[in-house]
Every structure is written in C-alpha cells, then in structure tokens.
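Reader: I am new to this structure. Please show me how to read its main features.

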Amino acid sequence: MHAHPPKPWTYRWGVAAVCAALTFHPQFTTAADQAESDLAQVVTAQSERIESIARVAPSAVCIFDDTQRGGGSGVLIDPTGYGLTNYHVVAGMLETRKGFGGLADGVLYDLEVLGIDITGDVAMFRLLPPKPDFQFPYVSIGDSDTVRVGDTAIAIGNPFSLSEDYTPSVSVGMVTGTHRYQWGTQGNLVYTDCIQVDTAINPGNSGGPLFNINGEVIGINGRISVNTRGRYNVGFGYAISSNQIKRFMPALRAGILARHGTLLAVTEDDLSAGGTAFRSGSVRFTEVQPAGPADRAGIRSDDKLLWFDGVRIESANQVASMLGTYPVNWPVTLELERNGQRRSAVVRLEPVEPNMRGAFEVDRDINAQAVRRVLEAFQRAVLKNVDTQRPTRWSWTIDRKYHPSEDGTTRSDERFRVTHRDGAMGHMQQIHADGTKGRIIEYDDNEATQRIDAGDNPFPLHPTEGRILAALFTVYHSLLEPLSTIDLSPAVHGGGDAIVENPQASITTPGHETQNRRLNPRIVEVIHWFMPSGAEVRFSFDTRSFLLVRAVVEDKLSGAKATIRFSDYRDVDGIHWPCALEVATPTFNYRETLTHWELTR
Amino acid sequence: MIVQLLILLTTIAAPIGDAAIVVERQGFERAVSTVMPRVVKLYGLRGGAEAGYGSGIIVSEDGLVLTVLSLLIDARRIRVVTAEGLLLGADVIHRDRNRQLALIQLRPIDDEASREDRHALHSGSQPSSSDRLRLPFFNIAEQAELRPGDWVLAVGNAFKVAEGAEPVSLVHGVFSTRTRLDARRRKRDFRYRDDVLVIDAITSNPGAPGGALVNLDGQFLGMIGREVISNRTNTHFNYAIPRDVLYEYLLEARGIEDRESPGSQPTGVSSNDENGWKNRLSEAGIRMSKVGYKVVLPFVARVRLGSIASRAGLRKDDLILSVNGRNVPDMTAFANTMSFLAPDEPWDLVIRRENRIVSLRIEHATTTDETTPETGGGQ
Amino acid sequence: MTTHLTASLCGWLVLLPLSVAMANPTPESSDPSSAQHPDFTLLHATQKTFRNVADTLRPSLVRIETVGGSQPPEQSLPVDDSEVAPKKRKRSQMPFRDSPGLSGFEVADGPTTGIVYSDDGYIITSSFNFIREPLLITASLYDGRRLIAKLIARDQVRKIALLKVEATNLHVPQWLNANQLDVGQWSIALGLGFGGDDPSVNVGIISALSRMHGNAVQTDAKLSPANYGGPLCDIHGRVIGICVPMAQRPGELAGIELYDSGVGFAVPKHRIEEIVAVLKTGASFYRGWLGISVDRRHRDSLVIANVADPSPMQAAGVRPGDKILTANGKDIRHFGELVQTLYMLPAGTPVELLMETDDSGYQIEVKLARSADLGPLPDLEEPFDPSQPLPPPKNE
C-alpha cells in the first residue's frame, strides 16, 4: 500500500492493548500463583469438611454391653436420646436390654435397647438423659435415594474399640456402589439395596453412621467384605440405607421386633425375552403362593412385573433387593402386564420370620413411652399450646356428601350440627335443607343412639356408624386429654405403615418413564386403641408432622369396618384441625366438610 | 484506525463460548462413566458351575479383552458379562506366563448354551446374533500423565458383588509410586518382576485383578494385577500393571494363535539363570565368602588381581549391600538377584567398606572393547 | 505501512485469544444431585497439592537400609479368637475380641523410611525397622549421599528409634503442634519402603487426635511397612507425626496386623520431643512388666496366680491370691483391662495399684520392670507379659 513510516499512535495502541491483556490474562499468572490458588481451594474445602465433621461427630455413640465391654457404634437421631445401630451390636444385650453408650463429651450414659429388626440388622436404642430437659447432640437422617457413586461418604464409629475416652474415629471415602445386595447368614442380617463405600470401615464401626458431605445420615454401617488377610477393611463397606431404616423406625421406637415383608411369590428373569436387550431386561412371576398377598392381589404366574414402587424393573435381583427393604404389611405398588394389558396393584406384604431362638417380648413401658411420644407430638401439632388451647366445648357444621355405591344406589346429602362438651356425649343434629331440624344422634366411645325427635326413645345406630362415631369421639376427647391425666392402657404402639395416595391410579403416566424415582409414600405411626365396645381403632399419625391422617375402625364381633381419612388441616380459632373427612366402609362412602366452628375454652 | 479500535472493543467484550472454561461439578463421575463400560466381568465355567471369576478390560471395538493370567483362563468355558449385561463367550488368543497376562477374544454364544450359563451366573442378556460386536474400549496406546499423589480409580468385579448389568465395584485412592515388583504368591516368587504402579487403595481383592486403573479424566493407566505378597514388606500388595507394559504385550500377542510364548524380555522380566551367574562372577574375578553363622552375608572373600572386578574397584572384605538397586541383605538374596540378571547386564554394586558406602560398576568382558576372551558358557 | 500493519495485527492477534480467555467463565447451574461430591476442579487442585507435599518433604526423607540380622523370636501374632478351635489355641494367642491378628508375620528386609530430626545428624524412624537387630544400618539422603547410621536408642513402647549420621547440610522439616491438628484434615504419609528415589504417597485424614494414652494421632491413611518410620504430613507439607505400627498392647510386632486397614497411628511432635530427649542420652524405653500371672478361674476380678522372683510385685509384697482392684485409678475387673491401662507405660514408670487380700486391702506403687530384670514365674516358662493371654486353666 502506501509507503508510510509507522505512525506512532498505532504502535502505542497495539503495545498498550497487549500490555493490558498481559496484565489481566490468567495464562500469564505464574506457576506459583496457580499453586497458591490450588492450595487455597483445597484449604477451603478441607475447612468445610473439618467443620462438617465437628458438627456431627458428637452424635456418634460408642456402644458397650452391660459389663462395659466394647462392641460397636451408634448414632443419636433426636435430642431426647433415641439412636440407631445394628441389631448385631445389641444382640448380646437382649436379656437385660441394657447397656452403655459413650459420647465424645467423655460421659458414659445408660442405654436401653428398644426395637430390633433382625432380618435387616437394625436396632434402636435410647440413651437415658441424666436429668430432665437434657439435650443430646443429634443428627438428621438424609434421603438415601439421592446418593450416587462418587459422593463423599464419612463413617464415624469406634473401630477396634480404640477409643479410650469415647471420642469416635472418623474415616472419609466415597460411595462406590448403590443398590447392592449382600447375602445374610441363615436368613438374618441381609443387606439389600444397600450402599457400598470404600471409606475405611472395620470391626467396631458396626452400627455407626454413614454421613454425606452435608452431615446427614444416609446409612448405618454394618458389614464389610474381607479377604484372606483377616477381618479388616479392604475398601468394601456396606451400609443399610437410611430410607430403608425410615420405614422401620416407628416399630423400632415402639420396642417391637420389626419383621420384614414378603410377597410370597417368586420372580425370575424372563430369559425368553432375547434380542439386543440393552439393560431392559424383563421379569416375571414364576410362583405365586396361594392365599398369599400376591395371589390375593390377583397376580398369577407369568405376569410380568414392570414397575415396583416407581422403579423400572430390569432383573429379578433388583426385585429381591428392593423387597428386602420393606416391613411387613407395607403397601407396595406394582405395575404388571399380562397379555399386553397393564394394571396396577397395591399389595400388603406378609411377614418374614427372622431366625431367632426364643421370643422377643415387647417391653410394655417402652411401648407406652412410644405412645406417649406420638400423642404428645400430636397435641403439640394441633393445639400449639397444650395447656391453654384445648377447648372444653366444640361446635361445628358438617356437610356430608355420599358417594354412589357399587350397586349404583346413592344417599342424599346431609347436614349436621355437632357439639362436643367435656363430660357429655357427643351430640349431632341433622339440619334439613329448609332449615328444620331432623334426627338427633348421641354418642360416646362406647355406644351411639339415634332419635327422630327430641321426645322419642333412642334406638341404637347401625354398628358401623356407631363405631365410626366412637372413634371420632375418642379423637376429640381421649387423644386430646392432658397426657398426665390420660389413661393410656387402651393404647398400644403398633409400628409403622405407609399411606399410598391414589392407589388405583396407574403409575406409568406419560413422563413417568423418565422419572424412575422410588416412591416414598407418607410414613405413619400407628397407635392401636382398644375401645370399650371391643372394637379396635388404628390411629395413624404422620411420622414427621404428627398430624392424625387416618383412623381404621375394626370390630370383629359386629363385622364393622371403616376407614376415616383426615385432611384439609386448617387453623380453626387457634387450633390446627382437619376440616375434611373421607369415610369408607364396605357398604357406603361419604365425604364430610367441617365448617362454622365455635370453640369455647 | 477506527476499524482497529472496533476490533479491539469487540474482542474484549466477546462473551465466553461453550468451548471455553466450564466449571465442572461432577467430581469422579467423569472417570466412573468412562471406565465402567470398558470393564467386563469374567467367569470360568466348568460343567454347570462357576470356577473362578475376575475382570478384564476391552481393548478393541470388536472385543479383544486383556486380563491377568488367572486360573479362569484355563477353565473349560470362559464367560464374559459386559457392563450392559450382555453375556458372551471368549476364546483365549494368547497367554504370557512371564508377564502373567492373557488376551482373549469375545464372541457371541448360541442361545442354548447361553440359557444354561445365564442360570449359572444369574445374569446376562443375549445380543442379537445378527449384530457384530461393537463395544466401547480403551485405547491403551494413549499415554496419560501420572504423578504420585494423583487420584486414581481402580475398577473391577471384586468379590463379584456385581451381577449381570449391575455396575462393577470400584475403589479410589492416589497413585503411590512406580517401582519394580518383587513379590510372591503362595510361597513362590511371582514371575512378573517388571515395573508396577503402586496404588493407595486396596486392589488386592479376589475378582479385581484384570480390572482397570484410570485417572480423574478417565484416562487409562494400567490393569489391576494378581494378588501377591510383596517381598519387601511382607504385606498384600496393591498395584497395577502399567499401560506401557500392557501395550507392549498387546502388540506382541495380537494375531498370534492360542499358544504360550515366553514373551519378550524387557529388563527385569527375564528367565531365571540358575547358575550362569556364578560363572560370570568368577570370570569377573570375584569370590564370595562362605563364612557365616546363622546367616551368610555377601562379603567379598577375594578379588583376583587384574580382574574386571579389581579394576572396577572391588576389594576383599567389601560387603555388598545392593546389586542394580536391589538390596541383598544375605547370600540367598544376593544369589537370587544375580540369577535374574541378563548375561550382559552390568552390575551396579553398592558396598560397605569400613565406615563408608561406595558405589561401583562392573561391566563384563562382552560389553567392553577389551579383548579378554570369553571363558565358559554364559546362558 | 506493511511493518506497521503487521505490528498492529500481531498485537490484535495476540489480544484476541487472550480476551476470549479473560471473560469470566459462566458456571453451569449445578445439578443438585451432584452437589454431594467434590467438584472436578477441586479434585485436580487436591492432587496437585499432594504432589507438592511430596516435593516439599523429599529433602527431609531418609531411606534406611539394613544388612544382616534375623527374625525376632516373637514370631506369631495374636490370632482372632473365633478363627481358632479352642484345642488348637497356643499360649501365645490372645482372646481379644476386637483385635484380630495376622499369624506368623515375618518382618521383611526391604528398605524403610525415616526423617531428618535435627541438622546435627539425628534421624527419627520407627523401631519396627530394626526388629531384626541388623548388623549394619545405612541412611540414604535425598541428594544421593549414603551414610552409615548409628542406632542411638529405641523406644519399644512407642516404636520410635533414633539414628545418627555424620553429615551436614540436612533438611529439617517443619512440624505441627497438637493444637494445630483437626479431625478431618488431610494427612499424607510418605515412605521410601519400595526402594525408589521418589516417595510413595498414601492419603487419608486425621481420624482422631489422641489415641493410645495420648501417644498417637490416628489416621485413615494406609500405613504399612512401606511408610513406617516416615512422616505423616498436612497439605502444607508440615509433619503431623511419625508413622508407626501400634496396637492396644505392647510388643515388637503389635499393630502390624492393622497395615493398610485405614486405621493407622503417628506419634506427634510433643511426644517425639519427650522421647528423643531420652533416646539422645543413649537410654532406651523398654516394655514394662509387672511379673505376675493371673488366675483365670476368676471371671469378674483379677486374682494373681503367681509372682515372679525377683520382680517389682514380689518386692512390694504381693502374694498369689491377692486381687488387683484398681491400677492408676482405673477399675480392673479382668486382665484385658489391666493391659489396657498399662500397655503404653515403659519400664521404669510407676504404677499405683489398689490391692485386696482375703482379709484386707492395701495400696502399693510399683515400677514396671524390664523383662531382663524379672526372675522366672513358677509354673510358667516366661514371666507374665500382660499383652499375652494366659495358659489355659488347668482342669478343675
């Protein structure tokens, strides 16, 4: 182009720009700067880990038997001293059910064994508070379904009984496998769907917690694979998943021997399904025990099992593994296929008997304590302030809407005005559409009578209706009494259960195929209440909120059976109360909406 | 000028593209997802029962698999289950007793046999017979950087925890160091004596040998070796056969029909020369002491005047501490070490003389330009 | 013009890639399910840090080699009770429930590790390295110098040994104090036990700050003969302690069975300083013995069966049939508890015992003795070693 001498400003621009870039460009930081930045990153992460561990380590328990000889570990899960461990850690303590638990504060606390799960190798214990209102350090239980290979896994416990002052030993590693199956011994201590880790776990770590990086318990360590070297860690430790334990916790708190559940049916890999099977295997039932739960749910041999509790099934191993994590009576949701037709079934599992000598008697005191715990929490959840909030007189309006029966008949809607008063029977008066009054029903927890008019002679209500009202009366009266005055002898804590919403709906809705996430239905604690009439009511309380969600009434003598579902909890004049009831019986079903509350204290 | 100014502004303001720095949050996931599909579960079957299990690594798309030379390689039938759960058979292409490695070729098996085996192994689905095998594989020619302290994953079917399409197990740790293997198996010296990668993670577990060692980026580093006890520490040894050794072996073994070969002899992997070394010792002018009470120490009793050893500086009463880097605490160790050296390998000796430690090297007549005639047969 | 254009073009071309790299990287929105494990860049940074630790410490590491010597007489280690049928149980086997063992461990003859303690030539290592009583010890420094080392003294209890070499220009590493240690921090063990020039690296965390009666820090890094005697370091390359085999009982080989198990021990600075102060004088610490055997027929109390003559217990007037109630203030109900209380105390340490006879109680203070200073125990070939189990009871 033109033969110019270089213009100074162009040069200056260029040089200036390059200099500017050089000053700020990361590539031109020195190796030392990079090393410093690496170290800073590592130090920060290390500090977080140290802090995480410091937060949770105080909840680790060194467990000793009643002669103070060492054995294993445990972890505290609430401030009143409840904790989890392996069954095999406390197996030697079952005669006295007593032992000791040492904490990092250097103190040895008295320990009592609550419920045990021999098949699944879990047990619950309680450290006794040395004085009332004592708060134990504790940790929260995480969701083991979120665990993935590669996650940091921290084990805390007392390997080789090394601790001299009850400070636990900590080891860090990572999750190296999920949904693993470890065979048990003679049917007991079976670890199904368990978490595999390479964190150092040695004899003595049993019963101790496995934490994720956030300090939540994702499992209880209990087994290791060993080689010819002897009983030492070789990078293969197994922990019972926290989600499995959650299903058993109500029973364990109640001091029950928690049994696992079975379908009483055998599944096998469907080898006839050939082709380029890329991970999508097929599983079918090959044996269905007559009168067993699968049989009663209509499952037959050769039915294909596609989904189990929200998880796509690819192998019979997988079914066995998943099944091993459920308690007896748990409702599992199966998606089946026969001759191209799909259907769902909810099946309640039958018990698996653990292999044990002798019987495990439920300790009445422990069970009563568990009942008390649930009712206390229920009262706190609904009454807010237990002392002042409890009404002495309740009054409300019910709008009852009957659902059509199976035979097509239906009953007309009804409205009632209900009043409950301390010391009196419950009073229900029908109100007709035109405002006139109708029949009157009076009831308590023993009997129920009905009159058409105030002056009439009362006659007994149909047993089913009567038992329903008796159950409701119990709710308003017995369940809300101050616990120090209440007679808890009719109550027994029966363990846990799950409430499957919408059991009839198919789980393979569009889009669900990609979800493949395990169903974790609401877990409830079940209190059995033995009524004066001889009927039994099973009250189910949500294990997290402690709200009453269900009551199942059963009277073998009269044949009465009903399920009451409580929902639509609202704030009613300072009380948190269910304002919708769904009642189902073999002959009629209805929904009640509760409004126009008047409460007197 | 304006144009240049505009360019300047646009370049500085350019937003980052996808190809540029992305903060990764997957931790070990990348390594795990890379290695899993390339490791297979191996089983030996005799009759209807399993006779040995282990792991292998896929090194070619059509199903060449490298593994350790374990008992299952000699089983009547070898069965392989891929990460996807496919059940395949395998033919042995090559065995190398010195390196303790084997190369097998995967192939589909017929439905009948497959059904039986799948019952025995609780696993496996059948690939469609019309499909050619197209498997993910490790390119073991590719070098990867590795320094002590680097994270590694060791992946294999230890304890056969995994069945069918279940993912095999893994352990993580750091690369510890690279060293010569000096180990034994059931009281007999282990034949592989070349370099190994020592791992700070337990790899010495049943079923793991034959599995893969990878770094954080999922790059292939080596293969988990057979369970042995280290002679240096008397402990179970956790190690992997390095990639470069495997690659060398693969090049040799490919295309060769199933037969045993002594394998080539890289330094360290040599056949045992029981007595030739004694001749070489005397050729060099060295006579060792036979005196000792409980233990005979490798003292030099005599050095012949004018011999190679004498010229190299060896003296009477020198105590030999190590030969070519190997400690020789007594005559047995000395004899053992000497017998494994190649005929023309020079000897780097470290000796104690009075209160000093001295290093010297003895080169043999055959490797020097000296015209000293060879006496006696070497090898 | 051409020159000017080229020059400015060069400037822009350099600028272009630089500016692209300058813009801030946009982090991907994190997938919540992967938030649990450390991220990739952190892992890369961590491994670089480990490399740097090895580089930092290398000049202080010493490769120790020994020549000659033989296997110690104490060859068989305790075996887990449950694995051996009662009839086959030998006298040397121990029924501790939680300390499984490795039978017949032989100490190998590979190189071992030590570190420079002070620049006047003292080297610290583990006494594990000298179990074979070698005839010659050599120390190889980082710069290739190989020197003959003199064994000054040993601590049999904490498994530490002090060597001396004649050398200058030694690299002394930095040490951490006890108050600088945290459970959960990285701990890196370096060793030269494989014979190479570069140290082997084994990584873990600090598992507990005080074990073995305050004599050790516990780590889950894999410790073994490959790194016994070497340093356990933090990520800044400072020494936390010296890796040693240790268990809750004394004995040359005690603790080796825990190799690579994720339970390992390192003797920390304050303890090392105390120990070295004594070892420097040439005095060694020996295992402490009482000189008694225990009557196993009594399950809930510790009743003495025999007393060696001479022995500290004999000098204190203890007779067969006497009961030990407490040792150093701790209740003693069985011999395991006695071992637990005394195992980390070397010979010469005074022990306070509360004793009981049929008609009275008495309190004594005895100094633990060396085995060489104990006379024979009647009915037993060896004096009582509280670490060893008793002979099976004679048939009642």
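Reader: Which strands of chain C close into a barrel, and in what order?

Author: Start with the terms. Strands (E, at least two residues) and helices (H or I, at least four) are DSSP runs, numbered from the N terminus. Two strands pair if DSSP finds at least two bridges between them. In chain C, six strands close into a barrel in the order β8-β9-β10-β13-β12-β11, with antiparallel pairing. Neighbouring strands of this sheet are turned by 45° against each other on average, direction ignored. The model is predicted: local features need pLDDT of at least 70, side-chain atom pairs count only at pLDDT 80 or more, and totals for chains, interfaces and linings use all residues. Residues are numbered from 1 along each chain as its sequence is written, while chains are lettered from A and ligands numbered from 1 in the order in which they are written.

Reader: How many bridges join β10 to β13 in chain C?

Author: Three bridges join β10(C), residues 216-219, to β13(C), residues 264-268. The two strands run antiparallel. C:Val217 stands opposite C:Ala266 in β13(C).

Reader: Which strands does α2(C) lie across?

Author: Angles run from 0 to 180 degrees between N-to-C directions, and axes are lines fitted to C-alpha atoms, for helices over the stretch in contact. Helix α2(C) lies across β8 (186-191), β9 (200-211) and β11 (231-233) of chain C. The helix runs at about 50° to β8(C).

Reader: At what angle does α2(C) pack with α2(A)?

Author: Helix α2(A), residues 31-56, packs with α2(C), residues 40-57, at about 110°. Their axes are 9 Å apart. The two helices are therefore roughly perpendicular to each other. That label covers 65 to 115 degrees; under 35 is roughly parallel, over 145 roughly antiparallel, and the rest oblique.

Reader: Which residues meet there?

Author: Contact means that the C-beta atoms of two residues, placed from the backbone, lie within 7 Å. On the α2(A) side, the residues include A:Leu39 and A:Val42. Among those of α2(C) are C:Leu42 and C:Thr49. By class, this contact has six nonpolar, four polar and two charged residues. Nonpolar covers Ala, Val, Leu, Ile, Met, Phe, Trp, Tyr, Cys and Pro; charged covers Asp, Glu, Lys and Arg; the others, Gly among them, are polar.

Reader: How far apart are the centres of the two domains of chain C?

Author: Domain bounds come from an automatic or database domain assignment. Chain C is divided into domain 1 (40-72 + 107-284) and domain 2 (292-373). Their centres, taken over C-alpha atoms, are separated by 34 Å. Seven residues of domain 1 are in contact with five of domain 2.

Reader: What are the domains of chain B?

Author: Chain B is divided into domain 1 (29-121), domain 2 (151-258) and domain 3 (276-367). The C-alpha centres of domains 1 and 2 of chain B lie 16 Å apart. Each of these two domains gives 34 residues to the contact. On the domain 1 side, 17 are nonpolar, 10 polar and seven charged.

Reader: Which strands form an open sheet in chain B?

Author: Three strands form an open sheet in the order β10-β9-β14, with antiparallel pairing. The edge strands are β10 (188-189) and β14 (229-230) of chain B, as each pairs on one side only. Strand β9(B), residues 183-185, pairs with β10(B) over two bridges. B:Arg185 stands opposite B:Arg188 in β10(B).
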